[in-house]
Amino acid sequence: MNETRDATDTVAFGFSDVAAGEKPALVRGVFDSVAARYDVMNDAMSLGCHRLWKRALMNWLRPRADMRLLDLAGGTGDLARRFLDAGGGDVVLTDINEAMLAAGRGRARARDRGRVARALVDAECLPFAPHSFDAVTISFGIRNCTDIDAVLREARRVLRPGGRFLCLEFSRLALPGLEELYDAYSFRAIPAMGRLLTGDREAYVYLVESIRRFPDQQAFAAMLAGAGLARVEYRDLSGGIVAMHSGWKI
Amino acid sequence: MDEDNHDVDPKLLEILVCPLSKGPLRYDSKARELISERARLAYPIREGVPILLIDEARELEDGE
């Protein structure tokens, strides 16, 4: 890695700034707390839209039977199943959080069709040989990482030449006039739903704040290019509430 | 890719390396660990899932 971050440098944890060394444990606490109800909560807080967004990501990826996918921050395996349903080959499903990976495993094993292998990994420091994958995806995960540049460099390293990185993440609303409604929904409705459905309001305050701290569409596209990914493009979904970013290893 | 018998998926083993040294890993099926000689670390395997986090690894003893 070209730059190393000192563990005492500060990074964003929601709207707070915390020492870089502390962020992983704080994020782990959030996801340990919500793992069991995570998919239910995704449906509630996105009003079901996360399904459309993930479908859009799969449409852009166009899975093939000879494609091997690495899904980072894959949690309960929602995206991995969509990849298989869309005709994809094998998936290595990873997360840094054991509770998230375990929550999906009990439910999904029968539907895995023997094509999903699981591993607990840190996306900033991947345990895979170079050129191992045809595609790397990360869906609503990268803003929880401490060193986003490291994640992008590692994704590129494990892609084969001609392989593709795709990211789905909350972004900047690009429809003027809707900001007030979006703010009210984000900062009032989502934490209240989080409390009702998972018993942990603070975890969802963190999630909402982390969305607002994440770089906007163009800034994030520049980070992909900075990590050596080529032909970087992005597409807004739902007026920019969410964006998909794509980059290739050439 | 059968996780029921808690063996690690052989196709996964082919591409795994040590996250710290990026060197090869040796699968110790008896101890259920993945050994990185280069980093002198042993990564645990729990219920067939390799835990490839540096914080969770055990340091190898001398002569191990």
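Before the first slide, one term: two residues are in contact if their C-beta atoms, placed from the backbone, lie within 7 Å. With that in hand, take helix H6 of chain A, residues 148–158. H6 lies across strand E3 (68–72), E6 and E7 of chain A. Its direction runs at about 145° to E7(A). Keep in mind throughout that this is a predicted model.

Now the sheet under that helix. It is an open sheet of seven strands in chain A. The order is E5-E4-E3-E6-E7-E9-E8, and the pairing is mixed. Which strands stand at the edges? Strand E5 (116–120) and strand E8 (230–237) of chain A do. Each has a single partner strand, so one side of each is left without a neighbour in the sheet. On average, neighbouring strands are turned by 15° against each other, direction ignored.

E8(A) pairs with strand E9, residues 242–248 of chain A, in the antiparallel sense. Six bridges hold that pairing.

Next, a helix pair in chain A. Two packed helices are described by the angle between their axes and the distance between the axes. Here the pair is H7 (residues 179–198) and H8 (residues 201–213) of chain A. The angle is about 145°, and the axes are 7 Å apart. The crossing is right-handed. Who meets whom? From H7(A), the contact residues include A:Phe187, A:Ile190, A:Pro191 and A:Arg195. From H8(A), they include A:Arg201, A:Tyr204, A:Val205 and A:Val208. By class, the contact of H7(A) with H8(A) has seven nonpolar residues, three polar and two charged.

On to chain B. Its secondary structure comes to one helix and five strands. From the N terminus, the run is α-β-β-β-β-β. With 64 residues, a compact globule would have a radius of gyration near 11 Å; chain B has 11 Å, which agrees. The C-alpha trace spans about 35 × 20 × 20 Å along its principal axes. Buried residues make up 31% of the chain B residues.

Strand E2 (residues 33–36) of chain B runs antiparallel to E3(B), with four bridges joining them. B:Glu33 stands opposite B:Pro44. E2(B) and E3(B) form a hairpin with four residues between them. In that turn, B:Arg40 has a positive phi of about 55°. E3(B) also pairs with E4(B), antiparallel, over two bridges. There B:Arg46 faces B:Val49 as its opposite residue. This hairpin has two residues between the strands, and B:Glu47 takes a positive phi near 50°. E3(B) pairs with strand E5 (residues 58–59) of chain B too, antiparallel, again over two bridges. B:Leu41 has B:Glu59 as its bridge partner.

Last, the interface. How many residues of chain B are in contact with chain A? 16, and they meet 18 residues of chain A. Helix H1 (10–15) and strand E4 (49–50) of chain B each supply at least two residues. H1(B) gives the most, with three residues. What is the make-up of the chain B side? 13 nonpolar, no polar and three charged.

Technical notes: Residues numbered from 1 in each chain as written. Chains lettered and ligands numbered in written order. Predicted model: local features only at pLDDT ≥ 70, side-chain atom pairs only at ≥ 80, totals over all residues. Axes fitted to C-alpha atoms, helices over the stretch in contact; angles between N-to-C directions. Left-handed = near helix turned anticlockwise from the far one by under 90°. Nonpolar A, V, L, I, M, F, W, Y, C, P; charged D, E, K, R; others polar. Rg over C-alpha atoms; globule rule 2.2 N^0.38 Å. Buried ≥ 20, exposed ≤ 12 C-beta atoms within 10 Å, placed from the backbone. Pairing = 2+ DSSP bridges.
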